[in-house]
Amino acid sequence: MSEAEATPLERLKPLVLVAVGGFTGAIARYAVAAALPGGFPWGTLAVNVAGSFALGVLLFEATLTGRLSSETRLVLGTGFLSSFTTYSTFAVQTAALSPRWAVANVAANYTLGFLAVVAGRSAVRSLAAPEVAG
């Protein structure tokens with residue numbers, strides 16, 4: 001079915017999927033931040049690392065196996081994980097820290113975030129069937 005043949009409801013479906021994922025991701029991020037102690041942006045660090053791991057799993061799974069539907073990628077990748085992780089809040093919180101803690105926060109978010117993506121990718125590769133993992 002082409003875009004021109006789609007009904008208005010079918011054209012709205014991707015937006016609804018992203019909105020549902022984004023709504024739940026934002027709530028989950030708030031819950032994590034509220035559950036962790038203050039004084040340092042632990043909540044933001046936790047969601048960025050966890051979200052990076054999950055995005056590594058999701059995208060590598062989609063690339064490696066091709067088993068994820070476009071709807072799943074919209075809900076989880078574009079909606080949920082985009083709202084769950086927050087590099088804009090990370091930037092604002094880092095600017096409010098003392099220089100020493102700001103450097104530690106930047107190093108922790110980027111280093112742990114990158115390692116989490118690699119860990120997610122490795123997890124998928126180790127769990128995938130050998131003929132799929134290559």
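The structure is a predicted model, and its secondary structure comes to 6 helices and 0 strands, so that the elements read from the N terminus as α-α-α-α-α-α.

**The chain as a whole**

- Taken along the principal axes, the box filled by the C-alpha atoms of the chain is roughly 55 × 40 × 25 Å.
- The chain has 134 residues, of which 31% count as buried.

**Helix α2 against helix α3**

- Helix α2, which covers residues 42-64, packs with α3 at an angle of about 165°, and the two axes are 10 Å apart.
- Because angles over 145 degrees count as roughly antiparallel, α2 and α3 are described as roughly antiparallel to each other.
- The crossing in which α2 passes α3 is left-handed.
- On the α2 side the contact is made by Val47, Ala50, Gly51, Ala54, Leu55, Leu58 and Ala62, while on the α3 side it is made by Arg73, Leu76, Gly77, Leu81 and Phe84.
- Sorted by class, the residues in the contact of α2 with α3 are 9 nonpolar, 2 polar and 1 charged.

**Helix α4 against helix α5**

- The packing angle of α4 and α5 is about 160°, and their axes are 9 Å apart.
- With that angle, α4 is roughly antiparallel to α5, and α4 passes α5 in a right-handed crossing.
- In this contact, Tyr87, Phe90 and Thr94 of α4 meet Ala102, Asn105, Val106, Asn109, Tyr110 and Gly113 of α5.
- The residues of the contact of α4 with α5 comprise 5 nonpolar and 4 polar, with no charged residues.

**Aromatic pairs**

- The structure holds 6 aromatic pairs, and in one of them the rings of Phe80 and Phe84 have centres 5.5 Å apart and planes at 15°, so this pair is stacked.
- Phe80 and Phe84 are 4 residues apart in helix α3, which spans residues 70-84, and are therefore separated by about one helical turn.
- Phe80 counts as partly exposed, with a relative accessibility of 22%, whereas Phe84 counts as buried, with a relative accessibility of 10%.
- The rings of Tyr87 and Tyr110 have centres 5.8 Å apart and planes at 35°, so this pair is tilted.
- Because Tyr87 lies in helix α4 (residues 87-96) and Tyr110 lies in helix α5 (residues 99-127), the pair ties together parts that are 23 residues apart in sequence.
- Tyr87, which also takes part in the contact of α4 with α5, counts as partly exposed at 31% relative accessibility.
- Phe40, Trp42 and Trp101 form one aromatic cluster.

**Individual residues and their surroundings**

- Arg29 is placed in helix α1, which runs over residues 8-35, and at 26% relative accessibility Arg29 counts as partly exposed.
- Apart from its neighbours within four places in sequence, Arg29 is in contact with Val47, Ser83, Phe84, Thr85, Thr86 and Thr89; among them, Val47 and Phe84 also belong to the contact between α2 and α3.
- Arg29 and Thr44 are 15 residues apart along the chain, and their C-alpha atoms are separated by 7.9 Å.
- Gly43 is in contact with Val32, Ala33 and Leu36, once its neighbours within four places in sequence are left aside.
- Gly43 and Phe90 are 47 residues apart along the chain, with their C-alpha atoms separated by 9.8 Å.
- Glu61 lies in helix α2 and is buried, having a relative accessible area of 17%.
- Not counting residues up to four places away in sequence, Glu61 touches Gly66, Arg67, Leu68 and Val124.

Conventions: Residues are numbered from 1 along each chain as its sequence is written. This is a predicted model: local features need pLDDT of at least 70, side-chain atom pairs count only at pLDDT 80 or more; totals for chains, interfaces and linings use all residues. Side-chain values use heavy atoms; hydrogens and water are left out. Rings of Phe, Tyr and Trp (its six-membered ring) pair if their centres lie within 6.5 Å; planes under 30 degrees apart count as stacked, over 60 as edge-to-face and the rest as tilted. Helices (H or I, at least four residues) and strands (E, at least two) are DSSP runs, numbered from the N terminus. Buried means under 20% relative accessible area, exposed over 50%, partly exposed in between (1.4 Å probe, protein chains only). Contact means heavy atoms within 4.5 Å. Axes are lines fitted to C-alpha atoms, for helices over the stretch in contact, and angles run from 0 to 180 degrees between N-to-C directions. Angles under 35 degrees count as roughly parallel, over 145 as roughly antiparallel, 65 to 115 as roughly perpendicular and the rest as oblique. A crossing is left-handed if the near helix is turned anticlockwise from the far one by less than a right angle, and right-handed if clockwise. Ala, Val, Leu, Ile, Met, Phe, Trp, Tyr, Cys and Pro count as nonpolar, Asp, Glu, Lys and Arg as charged, and the others, Gly among them, as polar.
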